[in-house]
Structure formats: structure tokens, C-alpha cells
Amino acid sequence: MQLDTSTTLSPITRTLHWIVAVGMISLLAIGVFMVETKTYSLYSWHKSFGFIIFFVVLLRVFWRIKNGWPQAAGNYTKLEHILSKLVHWLLIVGTLLLPLSGFLMSSLGGNGVEVFGLEVVARNVDPANPQKALAHYPQVASFFHSVHHWAGYAIIASVFLHVAGALKHHIIDKDSTLKRMLKE
Ligand code: HEM
Ligand code: HEM
């Protein structure tokens, strides 16, 4: 199995990076949109894709543990090293925290989780009002709701920093940081 080297990133690193990147950016955008515009029809799509991406994220975390972090592609300053490492950690932890907090908030809040129509956690219907769900643990669910909200916004900020860093390497430093994430 090909591992990352100082000049190239392995096909596994590139494939997992781009699946998770496209998935995360879409879920962040859909999440904010559906909450701000109260588009409840999008909730089940958001939950389904969010649940599925968690397993790709797990694969990616195992791959990072086996392979280690990619070495710098150029002569970065110490500050750049610290910043890029910090943002990479925030992004990796965020990709775990968002699906986990989303799953816990919906399950413990009684709304349940369905993945493309397949029931993973049943909805806890209120017998007095079948339109409503009853929370199993309202306080814990509300804690994970806050985690989902704040971690979501923190990751959005981290993605902007991350993309700005990648573009800076490509346009200003003209090194291979972005190119080696795109092709061998
Ligand atoms: C990588 C995966 C995920 C990302 C990036 C993500 C991101 C987001 C974001 C940014 C919001 C808007 C937060 C706000 O404005 O308060 C949101 C809302 C929401 N997410 Fe996720 N999410 C993910 C996975 C999940 C999963 C797996 C579930 C449940 C199984 C879930 C359930 C929800 C629900 C129910 C809301 C609406 C909360 C409300 O009405 O205030 N999410 N998500
Ligand atoms: C258009 C969007 C994106 C671009 C252009 C981009 C570009 C890059 C580049 C060039 C690297 C290699 C950095 C190096 O060699 O030191 C990288 C690594 C990384 N990126 Fe992104 N990225 C994007 C979106 C994302 C998103 C949305 C996430 C997660 C939420 C993410 C998470 C990571 C992580 C954790 C690494 C460290 C290496 C790895 O685990 O594969 N990226 N990205």
C-alpha cells in the first residue's frame, strides 16, 4: 500500500481528503441553510448523508494514524507549520464531532435517525400529540445541539483559513502543496 512521501500524497490520502471535503462543505452549507430558512424537508437528507460520511471520516482517521501527517511540501516558516497543524487538527476533530453530536442530539432528543428511509434510531412519538417527539434526555440533547451549532461555525471558519492557506501556497509561494493534493 502506497504511503505519503515528502513529494507525493498517496491515492488513499487524496481520495479520502476530497470525499470528506466535498461532503463536509455540502453538509455545512445545507445545515446552515435548512436551519436559517426552516426548510424541514432537508433534515432527513442532512441526517442521512451526515451519518454515512461519519464512516468515511473514521477510515480517514485510521489512515492518518497509520500514515502520519503529510510532510511540508515547501520551506514553511515555524508559524506556518504551527497554524497549518492547528487547522488540520481542528478539521479532523470537527469531522468526527459534527456527525457524532448530530446523531446524539437527534437520538436523545427523541426525533430519531433515519438513513435514506432505514430506521437507525426510532422517533419517540408523544402519545398525547403524535405530531410531536418526546425527548429521552432533554438536557443532554440540548447540550449536543449546542455542540453541533458551535462546532459547525468553528469548522466553517477553519475551512476558510485552510482554503486561504492552500491558495497562498499555490499563488504566492508557488509550491506543490495544492498540486500534490490534486494529482501525483
Ligand atoms: C459531517 C456531518 C455534519 C455536518 C458538517 C453538519 C452540520 C450542520 C450545521 C452547520 C448545522 C446548522 C447549525 C445551526 O445553524 O444551528 C446543522 C444542523 C442540524 N444537523 Fe447537522 N451536520 C452533520 C451531521 C449531522 C447528523 C449525522 C445529524 C443527525 C443524525 C445531524 C442533524 C442535524 C439537525 C437535526 C440540525 C438542525 C438543528 C436545528 O434545528 O437547530 N447533522 N448541521
Ligand atoms: C476547496 C476546499 C479545500 C482545498 C483546496 C483543500 C486543500 C488541501 C491541501 C492542499 C492539503 C495539503 C496540505 C499539506 O500538504 O500540508 C489539505 C490537507 C488537509 N485538508 Fe484540505 N482542502 C479543502 C477542504 C477541506 C475540508 C472541507 C476539510 C475538512 C473539513 C479538509 C481537511 C484537511 C485535512 C485534515 C488535511 C491534512 C491532510 C489530510 O488529512 O489529508 N480540507 N487540504
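What share of the contacts in the chain with a separation of 6 or more comes from residues 24 or more positions apart? Such residues account for 70% of those contacts. With that in mind, let us walk through this predicted model.

## The overall picture

The chain holds five helices and four strands. If you follow it along the sequence, the elements come in the pattern α-α-α-β-β-β-β-α-α. Taken along the principal axes, the C-alpha atoms fill a box of roughly 65 × 35 × 25 Å.

Of the 184 residues, 35% count as buried. The exposed surface comes to about 11600 Å², and carbon and sulfur atoms supply 71% of that area.

## Helix 1 and its partners

Helix 1 covers residues 11-36, which makes 26 residues. From first C-alpha to last it reaches 37 Å, close to the 38 Å expected at 1.5 Å a residue. Its buried residues are Thr13, Arg14, Leu16, His17, Val20, Ala21, Gly23, Met24, Leu27, Leu28, Gly31 and Met34. An α-helix has 3.6 residues a turn, so residues three or four places apart point the same way. The buried residues of helix 1 pack against helix 2, helix 3, helix 4 (138-173) and helix 5 (179-182).

Glu36 also belongs to helix 1. Is Glu36 buried or exposed? Glu36 counts as exposed because its relative accessibility is 56%, and the cut-off for exposed is over 50%. Between Glu36 and Ala122 there are 86 residues of separation in sequence and 26 Å in space, C-alpha to C-alpha. After helix 1 comes Lys38, with a positive phi near 55 degrees.

## Phe51 in helix 2

Helix 2 spans residues 43-67, and Phe51 has its place there.

## Helix 3, its bend and its end

Helix 3 runs over residues 78-108, a stretch of 31 residues. At 1.5 Å a residue it should span 45 Å, and its end C-alpha atoms are 44 Å apart, so the two values agree. Where does helix 3 bend by about 25 degrees? The bend is at Gly94.

Further along helix 3 we find Ser106. Ser106 is buried because its relative accessible area is 7%, and the cut-off for buried is under 20%. Leaving aside residues up to four places away in sequence, Ser106 touches Lys47, Asn111, Gly112 and Val113. Helix 3 is followed by Gly110, whose phi is positive, near 85 degrees.

Definitions and conventions. Residues are numbered from 1 along each chain as its sequence is written. Chains are lettered from A and ligands numbered from 1 in the order in which they are written. This is a predicted model: local features need pLDDT of at least 70, side-chain atom pairs count only at pLDDT 80 or more; totals for chains, interfaces and linings use all residues. Side-chain values use heavy atoms; hydrogens and water are left out. Helices (H or I, at least four residues) and strands (E, at least two) are DSSP runs, numbered from the N terminus. Buried means under 20% relative accessible area, exposed over 50%, partly exposed in between (1.4 Å probe, protein chains only). Contact means heavy atoms within 4.5 Å. Accessible areas come from the Shrake-Rupley method with a 1.4 Å probe; for residues, only the protein chains shown count as cover. The expected span of a helix is 1.5 Å times one less than its number of residues. The bend at a residue is the angle between axes fitted to the seven residues ending there and the seven starting there.
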